[in-house]
Amino acid sequence: MDLRQLRYFVAVANTRNFTRAAEQMHIAQPPLSRQIQLLEEELGVQLVLRNSRPVALTEAGRLFYEQSLQVLQRVDQMKTGMRQAGRNLRQSISIGYVGSTLYGGLPMLVRMFRQKYPDTDVHLVDLSSVQQITELKSGRIDLGFGRIRTRDTSVARSVLREERLVLALAPSSPLAASSGPVRLREIANQHLIVFPKEPRPSYADHVLGLLHEQAVPLAQVHEVRELQAALGLVACEIGVCIVPAAARLRSDLVYRLIEDEQATSPIILSHRLNDDSWYIPAIKELIALMYTQNPPWLDFQTNAFPSGKTAPDEDRETPPAPAPRPRGRKKAGP
């Protein structure tokens, strides 16, 4: 028994005529009649009363007709579902991101991608850097933009740039009296606000690690869930906060660039290892193009690029040396 025989039988049952059924199925009548006969022989029952006009179904034939309709309908549903799934795989990508990347290049990159590939849907998923690795491996997302280096060998990473960190201060803070660069050790004994509170490890651990490496003591560490809350508490004079340079969001705060060369936060593009999907080189090409346009959030004062390269630095696990700062602005590679 095969689907072709079921379709022939359903056509006969619907038309109640072998000739019209054959025309409907684009087959000569004798082969169609023969397939119905083979089907009856396989089932061991008579399905059609051939001598009646119009053709009638036996009791077994009526039962088989109902079941055949169910089978063929299910097959059609499967075909439709697979076609839709195939279209979605080709025309949809999911991108994980950490919130701070929304204040840098991610919105511009997504706009450029949608303009160049209008038939591809882009779904953005708010995930921590560590969560992105898990979701990449599970297939829930296709790309991730995070800030934490990992050593998972099933994920490929490209360091797009190292973003300088700045100290956010309330205007009343003694550290706000100067607008020049500040060193990490000057934050000693301050109340520090870090984010996100969870999940960990996260950008908060990166900041605390920088201070720990220089043995900078803190009066208190206050953890909050997200960047906006952290800056809001700074405005309330609760403490100070270290944020990526692109996240200087509130105009009622003072921001001082942190002078220490290691006080940077990487922007890391991650994807599954050995994934040859078309959108990965497409995204990297758009990143390179985006960097050449010198958007306001991208400059050599607050960004360093991996070893002066003109393409994202693949699978770097240690911070690249900051690129030399030119006197004037110029086009930058990713």
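So, helices H5 and H9. H5 covers residues 106-116 and H9 covers residues 279-292, and their axes come within 10 Å and cross at roughly 120°. Helices here are DSSP runs of H or I with at least four residues, strands are runs of E with at least two, and both are numbered from the N terminus. The axes are lines fitted to C-alpha atoms, for helices over the stretch in contact, with angles from 0 to 180 degrees between N-to-C directions. That angle makes H5 oblique to H9; the scheme is under 35 degrees for roughly parallel, over 145 for roughly antiparallel, 65 to 115 for roughly perpendicular, and oblique for the rest. The crossing of H5 past H9 is right-handed, and the rule there is that the near helix is turned clockwise from the far one by less than a right angle, with anticlockwise being left-handed.

Who makes the contact? On H5 we have Met108, Leu109, Met112, Phe113 and Lys116, and on H9 Ile283, Glu285, Leu286, Ile287, Leu289 and Met290. Contact means heavy atoms within 4.5 Å. By class, that H5 and H9 contact has nine nonpolar residues, no polar ones and two charged. For the classes, Ala, Val, Leu, Ile, Met, Phe, Trp, Tyr, Cys and Pro are nonpolar, Asp, Glu, Lys and Arg are charged, and the others, Gly among them, are polar.

Before I go on, a word on the model: this is a predicted one, where local features need pLDDT of at least 70 and side-chain atom pairs count only at pLDDT 80 or more, while totals for chains, interfaces and linings use all residues. Residues are numbered from 1 along each chain as its sequence is written, and side-chain values use heavy atoms, with hydrogens and water left out.

Now the other helix pair. H1, residues 3-15, and H3, residues 29-43, have axes that come within 9 Å and cross at roughly 110°. That makes H1 roughly perpendicular to H3. From H1, Arg4, Gln5, Tyr8, Phe9 and Val12 meet Leu32, Gln35, Ile36, Leu38, Leu39 and Glu42 of H3. Sorted by class, this H1 and H3 contact holds seven nonpolar, two polar and two charged residues.

Stepping back to the whole protein: we have nine helices and 13 strands. Of the 334 residues, 47% are buried, where buried means under 20% relative accessible area, exposed means over 50%, and partly exposed is in between, with a 1.4 Å probe and protein chains only. Take the contacts with a separation of 6 or more, and 73% of them are between residues 24 or more positions apart.

So where does Ile242 sit, and is it buried or exposed? It's in strand S9, residues 240-244, and Ile242 is buried, at 3% relative accessible area. Ile242 and Ala168 are 74 residues apart in sequence, yet their C-alpha atoms are 6.1 Å apart in space. Leaving out residues up to four places away in sequence, Ile242 touches Leu165, Val166, Leu167, Leu184, Ile187, Leu192, Ile193, Phe195, Tyr203, Val207 and Ile258.

Next, helix H6, residues 129-138. Its buried residues are Ser129, Gln132, Ile133, Glu135 and Leu136, and they pack against strands S3 (92-97), S5 (143-146), S6 (155-169) and S11 (264-272). Just after H6, Gly139 has a positive phi of about 90°.

You can look at that packing from the strand side too. Ser270 is in S11 and counts as buried at 5% relative accessibility. Again skipping residues up to four places away in sequence, Ser270 touches Ile133, Leu136, Asp142, Leu143, Gly144, Val155, Ala156 and Arg157.

Last, some backbone details in the loops. A cis peptide bond joins Arg53 and Pro54, with omega about 0°, and Pro54 lies in the loop between strand S1 (48-49) and strand S2 (56-57). Another cis peptide bond joins Glu198 and Pro199, with omega about -5°; Pro199 is in the loop between strand S7 (191-194) and helix H7 (203-213).

Then there's positive phi in residues other than glycine. Arg16 has phi near 55°, lies in the loop between H1 and helix H2 (18-24), and is partly exposed at 34% relative accessibility. Asn189 has phi near 65°, sits in the loop between S6 and S7, and counts as exposed at 55% relative accessibility.
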